[in-house]
Amino acid sequence: MVRAGALGDVLLLRRAVAALHRAHHRVHLVAPSVPGRVLLGPGLVEASRFTPLDGPPVAAWLGDGSGAGGLAADLRADVVLACTRSGDLLTRLGELAPRVFELAPSPPPGTEASRWYAEPVRALGGDPTPDPPVIEFTAPEREAARELVQRLPDRFLAVHPGSGSAIKNWPPHRFAALVGAHAPGERWLLVSGPADEESVAPLAAVPGAVLARGLPVRALGALLAHAGLYVGNDSGVTHLAAAAGAPVVALFGPTDAKTWGPVGPRVEVVSSPDGIMESLDLASVEEAIERLRSKAAKQK
(Lines give C-alpha, C1' and ligand atoms only; values in the text may rest on other atoms or scores of the structure.)
Protein backbone atom coordinates (compact mmCIF):
# COMPACT_ATOMS: atom_id res chain seq x y z
CA MET A 1 0.00 0.00 0.00
CA VAL A 2 1.51 3.31 -1.13
CA ARG A 3 0.35 6.68 0.18
CA ALA A 4 2.03 10.08 0.08
CA GLY A 5 0.55 12.55 2.54
CA ALA A 6 0.51 13.84 6.09
CA LEU A 7 -0.42 12.11 9.35
CA GLY A 8 -4.17 12.38 8.92
CA ASP A 9 -3.98 11.02 5.37
CA VAL A 10 -2.10 7.94 6.53
CA LEU A 11 -4.44 7.32 9.47
CA LEU A 12 -7.40 7.29 7.08
CA LEU A 13 -5.93 4.06 5.62
CA ARG A 14 -6.75 2.10 8.80
CA ARG A 15 -10.04 0.78 7.45
CA ALA A 16 -8.29 -0.59 4.35
CA VAL A 17 -5.44 -2.14 6.37
CA ALA A 18 -7.86 -3.84 8.76
CA ALA A 19 -9.91 -5.24 5.87
CA LEU A 20 -6.78 -6.59 4.23
CA HIS A 21 -5.69 -8.28 7.44
CA ARG A 22 -9.12 -9.84 7.91
CA ALA A 23 -8.78 -11.25 4.38
CA HIS A 24 -5.42 -12.79 5.43
CA HIS A 25 -3.20 -10.42 3.46
CA ARG A 26 0.07 -9.06 4.80
CA VAL A 27 0.44 -5.30 4.42
CA HIS A 28 3.65 -3.50 3.52
CA LEU A 29 3.12 0.27 3.85
CA VAL A 30 5.15 2.74 1.79
CA ALA A 31 4.55 6.29 3.07
CA PRO A 32 6.50 9.38 4.22
CA SER A 33 8.86 8.74 7.13
CA VAL A 34 7.19 10.50 10.05
CA PRO A 35 3.47 9.90 9.40
CA GLY A 36 4.02 6.41 7.99
CA ARG A 37 5.40 5.05 11.25
CA VAL A 38 2.06 5.62 12.96
CA LEU A 39 0.78 2.47 11.22
CA LEU A 40 3.74 0.29 12.08
CA GLY A 41 2.63 -1.83 15.02
CA PRO A 42 1.07 -5.07 16.25
CA GLY A 43 -2.63 -4.43 15.69
CA LEU A 44 -5.23 -5.13 13.02
CA VAL A 45 -5.02 -1.59 11.64
CA GLU A 46 -1.24 -1.50 11.40
CA ALA A 47 1.15 -2.71 8.73
CA SER A 48 3.63 -5.47 9.42
CA ARG A 49 6.31 -3.74 7.35
CA PHE A 50 7.12 -0.13 6.50
CA THR A 51 9.37 1.54 3.93
CA PRO A 52 9.81 5.35 3.97
CA LEU A 53 8.58 6.81 0.70
CA ASP A 54 10.88 9.79 1.20
CA GLY A 55 13.93 7.72 2.17
CA PRO A 56 17.13 7.70 0.05
CA PRO A 57 16.59 4.17 -1.39
CA VAL A 58 13.14 4.99 -2.77
CA ALA A 59 14.32 8.42 -3.99
CA ALA A 60 17.17 6.80 -5.92
CA TRP A 61 14.87 4.12 -7.30
CA LEU A 62 12.37 6.71 -8.50
CA GLY A 63 15.15 8.89 -9.88
CA ASP A 64 17.78 7.09 -11.91
CA GLY A 65 16.82 3.56 -10.90
CA SER A 66 20.00 3.05 -8.89
CA GLY A 67 19.75 0.32 -6.30
CA ALA A 68 16.59 -0.88 -7.96
CA GLY A 69 17.42 -4.56 -7.65
CA GLY A 70 17.54 -4.78 -3.88
CA LEU A 71 14.71 -2.38 -3.28
CA ALA A 72 12.47 -4.00 -5.88
CA ALA A 73 13.03 -7.37 -4.25
CA ASP A 74 12.12 -5.89 -0.86
CA LEU A 75 8.96 -4.22 -2.17
CA ARG A 76 7.79 -6.98 -4.47
CA ALA A 77 4.13 -7.82 -3.84
CA ASP A 78 1.15 -9.66 -5.25
CA VAL A 79 -0.90 -6.46 -5.36
CA VAL A 80 -0.14 -2.75 -4.99
CA LEU A 81 -2.74 -0.27 -3.76
CA ALA A 82 -1.40 3.12 -4.82
CA CYS A 83 -2.95 6.38 -3.62
CA THR A 84 -1.04 8.64 -5.98
CA ARG A 85 -1.33 10.70 -9.15
CA SER A 86 2.37 10.39 -9.97
CA GLY A 87 2.79 8.72 -13.35
CA ASP A 88 6.45 8.00 -12.68
CA LEU A 89 5.65 6.31 -9.38
CA LEU A 90 2.87 4.25 -10.92
CA THR A 91 5.21 3.11 -13.70
CA ARG A 92 7.76 1.97 -11.14
CA LEU A 93 5.12 0.28 -9.01
CA GLY A 94 3.97 -1.64 -12.07
CA GLU A 95 7.37 -3.34 -12.04
CA LEU A 96 6.73 -4.71 -8.55
CA ALA A 97 3.40 -6.49 -8.84
CA PRO A 98 1.14 -8.10 -11.44
CA ARG A 99 -1.81 -5.99 -10.19
CA VAL A 100 -1.75 -2.29 -9.37
CA PHE A 101 -4.87 -0.51 -8.13
CA GLU A 102 -4.56 3.22 -8.82
CA LEU A 103 -6.61 5.38 -6.46
CA ALA A 104 -6.88 9.18 -6.52
CA PRO A 105 -5.66 10.64 -3.19
CA SER A 106 -8.68 12.96 -3.04
CA PRO A 107 -12.04 11.15 -3.05
CA PRO A 108 -14.99 12.36 -5.14
CA PRO A 109 -17.06 15.08 -3.42
CA GLY A 110 -19.25 13.72 -0.65
CA THR A 111 -17.28 10.46 -0.35
CA GLU A 112 -15.78 9.52 3.00
CA ALA A 113 -12.00 9.21 2.50
CA SER A 114 -11.63 6.22 4.80
CA ARG A 115 -14.14 4.23 2.74
CA TRP A 116 -12.76 5.49 -0.58
CA TYR A 117 -9.27 4.17 0.21
CA ALA A 118 -10.68 0.83 1.37
CA GLU A 119 -13.02 0.15 -1.56
CA PRO A 120 -10.41 -1.71 -3.73
CA VAL A 121 -10.05 -4.27 -0.94
CA ARG A 122 -13.34 -5.83 -2.06
CA ALA A 123 -11.58 -7.11 -5.18
CA LEU A 124 -9.06 -8.84 -2.90
CA GLY A 125 -11.64 -10.69 -0.83
CA GLY A 126 -11.81 -8.14 1.98
CA ASP A 127 -14.81 -6.41 3.53
CA PRO A 128 -14.20 -2.68 4.12
CA THR A 129 -17.59 -2.19 5.80
CA PRO A 130 -16.63 -2.59 9.50
CA ASP A 131 -15.19 0.44 11.24
CA PRO A 132 -11.51 -0.05 12.05
CA PRO A 133 -10.55 -0.83 15.65
CA VAL A 134 -8.32 1.51 17.60
CA ILE A 135 -4.55 1.44 17.37
CA GLU A 136 -2.80 -1.04 19.65
CA PHE A 137 0.16 0.59 21.35
CA THR A 138 3.20 -1.35 22.50
CA ALA A 139 4.55 -1.38 26.05
CA PRO A 140 7.52 0.88 25.14
CA GLU A 141 5.13 3.38 23.51
CA ARG A 142 2.93 3.46 26.59
CA GLU A 143 6.02 3.83 28.76
CA ALA A 144 7.18 6.82 26.67
CA ALA A 145 3.86 8.53 27.49
CA ARG A 146 3.84 7.58 31.18
CA GLU A 147 5.65 10.65 32.55
CA LEU A 148 3.05 13.02 31.10
CA VAL A 149 0.15 10.73 32.03
CA GLN A 150 1.30 10.83 35.66
CA ARG A 151 1.28 14.64 35.65
CA LEU A 152 -2.35 14.78 34.55
CA PRO A 153 -5.63 13.86 36.29
CA ASP A 154 -7.61 10.79 35.27
CA ARG A 155 -9.57 11.31 32.05
CA PHE A 156 -7.95 14.70 31.47
CA LEU A 157 -8.89 17.36 28.91
CA ALA A 158 -6.58 17.50 25.86
CA VAL A 159 -6.57 20.23 23.22
CA HIS A 160 -4.59 20.77 20.05
CA PRO A 161 -5.00 24.36 18.82
CA GLY A 162 -2.87 23.97 15.69
CA SER A 163 -3.09 22.31 12.28
CA GLY A 164 -1.33 22.32 8.95
CA SER A 165 -2.86 25.69 8.03
CA ALA A 166 -3.79 28.79 10.02
CA ILE A 167 -7.18 29.02 8.29
CA LYS A 168 -8.16 25.67 9.89
CA ASN A 169 -7.41 26.91 13.42
CA TRP A 170 -10.12 27.85 15.92
CA PRO A 171 -9.15 31.10 17.70
CA PRO A 172 -6.93 30.56 20.77
CA HIS A 173 -9.23 32.62 23.03
CA ARG A 174 -12.06 30.16 22.28
CA PHE A 175 -9.84 27.24 23.28
CA ALA A 176 -8.91 29.15 26.45
CA ALA A 177 -12.60 29.61 27.30
CA LEU A 178 -13.19 25.91 26.69
CA VAL A 179 -10.35 24.99 29.05
CA GLY A 180 -11.75 27.34 31.70
CA ALA A 181 -15.11 25.62 31.48
CA HIS A 182 -13.92 22.00 31.43
CA ALA A 183 -10.70 21.96 33.46
CA PRO A 184 -11.07 24.65 36.14
CA GLY A 185 -8.29 24.32 38.68
CA GLU A 186 -6.99 21.14 37.01
CA ARG A 187 -4.05 20.23 34.86
CA TRP A 188 -4.88 19.69 31.19
CA LEU A 189 -2.90 18.64 28.14
CA LEU A 190 -1.80 21.14 25.50
CA VAL A 191 -0.50 19.39 22.37
CA SER A 192 2.00 21.26 20.22
CA GLY A 193 3.16 20.17 16.79
CA PRO A 194 6.30 21.39 15.02
CA ALA A 195 4.55 24.36 13.36
CA ASP A 196 2.10 25.25 16.15
CA GLU A 197 4.03 27.89 18.09
CA GLU A 198 1.73 30.79 17.18
CA SER A 199 -1.47 28.96 18.12
CA VAL A 200 0.00 27.29 21.22
CA ALA A 201 1.71 30.33 22.80
CA PRO A 202 -1.47 32.06 24.08
CA LEU A 203 -2.71 28.80 25.63
CA ALA A 204 0.58 27.91 27.30
CA ALA A 205 -0.11 30.72 29.79
CA VAL A 206 -3.51 29.29 30.78
CA PRO A 207 -3.29 27.79 34.30
CA GLY A 208 -2.79 24.04 34.47
CA ALA A 209 -1.32 23.59 30.99
CA VAL A 210 0.90 20.50 30.60
CA LEU A 211 2.72 20.79 27.29
CA ALA A 212 3.22 17.76 25.04
CA ARG A 213 5.83 18.58 22.43
CA GLY A 214 8.30 16.45 20.48
CA LEU A 215 6.90 13.02 21.40
CA PRO A 216 7.19 10.27 18.79
CA VAL A 217 3.86 10.02 17.04
CA ARG A 218 2.84 6.65 18.50
CA ALA A 219 3.86 7.73 22.01
CA LEU A 220 1.63 10.78 21.57
CA GLY A 221 -1.17 8.46 20.53
CA ALA A 222 -0.64 6.35 23.65
CA LEU A 223 -0.88 9.54 25.70
CA LEU A 224 -4.06 10.74 23.99
CA ALA A 225 -5.68 7.35 24.59
CA HIS A 226 -5.92 8.37 28.29
CA ALA A 227 -7.85 11.59 27.60
CA GLY A 228 -11.38 12.00 28.89
CA LEU A 229 -12.05 14.62 26.21
CA TYR A 230 -10.00 15.80 23.25
CA VAL A 231 -10.87 18.94 21.27
CA GLY A 232 -8.86 19.92 18.21
CA ASN A 233 -8.90 21.32 14.70
CA ASP A 234 -8.82 19.39 11.44
CA SER A 235 -5.30 18.05 11.93
CA GLY A 236 -3.25 14.88 12.04
CA VAL A 237 -3.24 15.02 15.84
CA THR A 238 -7.05 14.98 15.86
CA HIS A 239 -7.04 11.94 13.59
CA LEU A 240 -4.50 10.34 15.95
CA ALA A 241 -6.66 10.99 19.02
CA ALA A 242 -9.66 9.42 17.26
CA ALA A 243 -7.59 6.42 16.15
CA ALA A 244 -6.38 5.98 19.74
CA GLY A 245 -9.97 5.73 20.98
CA ALA A 246 -10.17 9.06 22.80
CA PRO A 247 -13.52 10.93 22.95
CA VAL A 248 -12.93 13.49 20.20
CA VAL A 249 -14.65 16.71 19.18
CA ALA A 250 -13.18 17.70 15.81
CA LEU A 251 -13.52 21.31 14.66
CA PHE A 252 -13.84 21.88 10.91
CA GLY A 253 -14.00 25.02 8.79
CA PRO A 254 -12.71 25.28 5.22
CA THR A 255 -12.40 21.52 4.67
CA ASP A 256 -15.25 19.05 4.16
CA ALA A 257 -15.82 17.08 7.35
CA LYS A 258 -17.92 14.50 5.50
CA THR A 259 -14.85 13.57 3.46
CA TRP A 260 -11.94 14.23 5.80
CA GLY A 261 -13.46 13.70 9.24
CA PRO A 262 -11.47 11.53 11.68
CA VAL A 263 -12.44 7.89 12.18
CA GLY A 264 -12.78 6.49 15.68
CA PRO A 265 -15.28 4.91 18.06
CA ARG A 266 -16.05 8.19 19.88
CA VAL A 267 -15.98 11.12 17.46
CA GLU A 268 -18.23 14.13 17.14
CA VAL A 269 -17.61 16.64 14.35
CA VAL A 270 -18.74 20.27 14.41
CA SER A 271 -18.32 22.52 11.36
CA SER A 272 -18.29 26.28 10.96
CA PRO A 273 -21.51 27.52 9.33
CA ASP A 274 -19.60 29.47 6.68
CA GLY A 275 -16.25 27.67 6.53
CA ILE A 276 -14.50 30.33 8.62
CA MET A 277 -13.20 29.14 11.97
CA GLU A 278 -13.91 32.45 13.68
CA SER A 279 -17.61 31.84 12.94
CA LEU A 280 -17.63 28.62 14.97
CA ASP A 281 -18.88 29.73 18.37
CA LEU A 282 -18.20 28.17 21.75
CA ALA A 283 -21.86 27.21 22.22
CA SER A 284 -21.74 24.97 19.12
CA VAL A 285 -18.65 23.22 20.42
CA GLU A 286 -20.25 22.75 23.84
CA GLU A 287 -23.28 21.19 22.15
CA ALA A 288 -20.98 18.75 20.34
CA ILE A 289 -19.32 17.84 23.64
CA GLU A 290 -22.73 17.19 25.18
CA ARG A 291 -23.74 15.00 22.22
CA LEU A 292 -20.55 13.00 22.62
CA ARG A 293 -21.14 12.50 26.34
CA SER A 294 -24.79 11.65 25.81
CA LYS A 295 -23.86 8.90 23.34
CA ALA A 296 -21.28 7.55 25.80
CA ALA A 297 -23.86 7.45 28.58
CA LYS A 298 -26.32 5.51 26.41
CA GLN A 299 -23.66 2.94 25.56
CA LYS A 300 -22.99 2.12 29.23
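**Figure 1. Overall fold of the predicted model.** The secondary structure of the protein comprises 14 helices and 11 strands, where helices (H or I, at least four residues) and strands (E, at least two) are DSSP runs numbered from the N terminus. This is a predicted model, in which local features need pLDDT of at least 70 and side-chain atom pairs count only at pLDDT 80 or more, while totals for chains, interfaces and linings use all residues. Residues are numbered from 1 along each chain as its sequence is written, and side-chain values use heavy atoms, with hydrogens and water left out. The C-alpha trace spans about 60 × 35 × 35 Å along its principal axes. With 300 residues, a compact globule would have a radius of gyration near 19 Å, and the 20 Å of the protein agrees with this; the radius is taken over C-alpha atoms, and the globule rule is 2.2 Å times the number of residues to the power 0.38. Buried residues make up 50% of the 300 residues, buried meaning under 20% relative accessible area, exposed over 50%, and partly exposed in between (1.4 Å probe, protein chains only). The accessible surface comes to about 13300 Å², of which 55% belongs to carbon and sulfur atoms; accessible areas come from the Shrake-Rupley method with a 1.4 Å probe, and for residues only the protein chains shown count as cover. Among contacts (heavy atoms within 4.5 Å) between residues at least 6 apart in sequence, 57% join residues at least 24 apart.

**Figure 2. Nonpolar cores and the surroundings of L223.** A nonpolar core is a set of buried Ala, Val, Leu, Ile, Met, Phe, Trp, Tyr and Cys residues joined through side-chain atoms within 4.5 Å. The largest such core has 58 residues, and those with the most contacts inside it are M1, L29, V38, L189, L223 and L224. Leaving aside neighbours within four places in sequence, L223 is in contact with A145, L148, V149, L152, F156, L189, A212 and L215. A second, separate core of 23 residues includes V179, V200, V206 and I289. In soluble globular proteins, nonpolar side chains tend to be buried together.

**Figure 3. Helix α2 and its packing partners.** Helix α2 (residues 14-22) is largely enclosed by the rest of the structure, because 8 of its 9 residues are buried. These buried residues are R14, R15, A16, V17, A18, A19, L20 and H21. They pack against α1 (7-11), β4 (79-83), α7 (113-118) and α12 (236-243). Just after α2, H24 takes a positive phi of about 70°.

**Figure 4. The buried residue E46 in its loop.** E46 lies in the loop between α3 (33-36) and β3 (49-52) and, at 1% relative accessibility, counts as buried. The side chain of E46 reaches the backbone nitrogen of G43 at 2.7 Å. A polar contact of 2.9 Å also joins the side chains of E46 and R218; a polar contact is a pair of N or O atoms within 3.5 Å, where within protein one must be able to donate a hydrogen and the other to accept it, and residues adjacent in sequence count only if both atoms are side-chain atoms. Leaving aside neighbours within four places in sequence, the residues in contact with E46 include V17, H21, V38, I135, E136 and R218.

**Figure 5. Charged pairs along helix α8.** E143 is found in helix α8 (residues 139-151), and its side chain meets that of R146 in a salt bridge (3.0 Å, N to O). A salt bridge is a side-chain nitrogen of Lys or Arg within 4 Å of a carboxyl oxygen of Asp or Glu. R146 and E143 are 3 residues apart, so about one helical turn separates them. E143 is partly exposed at 44% relative accessibility, and R146 is partly exposed at 40%. E147 and R151 also meet in a salt bridge (3.9 Å, N to O); both lie in α8, 4 residues apart, about one turn of the helix. An α-helix has 3.6 residues a turn, so residues three or four places apart point the same way. E147 is partly exposed at 47%, as is R151 at 35%. E143 and A222 are 79 residues apart in sequence and 8.8 Å apart in space, C-alpha to C-alpha.

Figure 6. A search of the whole structure finds 16 salt bridges. One of them joins E268 and K295, with the closest N and O atoms 2.9 Å apart. This pair links distant parts of the chain, E268 being in strand β11 (residues 267-271) and K295 in helix α14 (residues 282-299), 27 residues apart. E268 counts as buried at 9% relative accessibility, whereas K295 is partly exposed at 44%. Salt bridges that share partners join R15, E112, R115 and D131 into one network.
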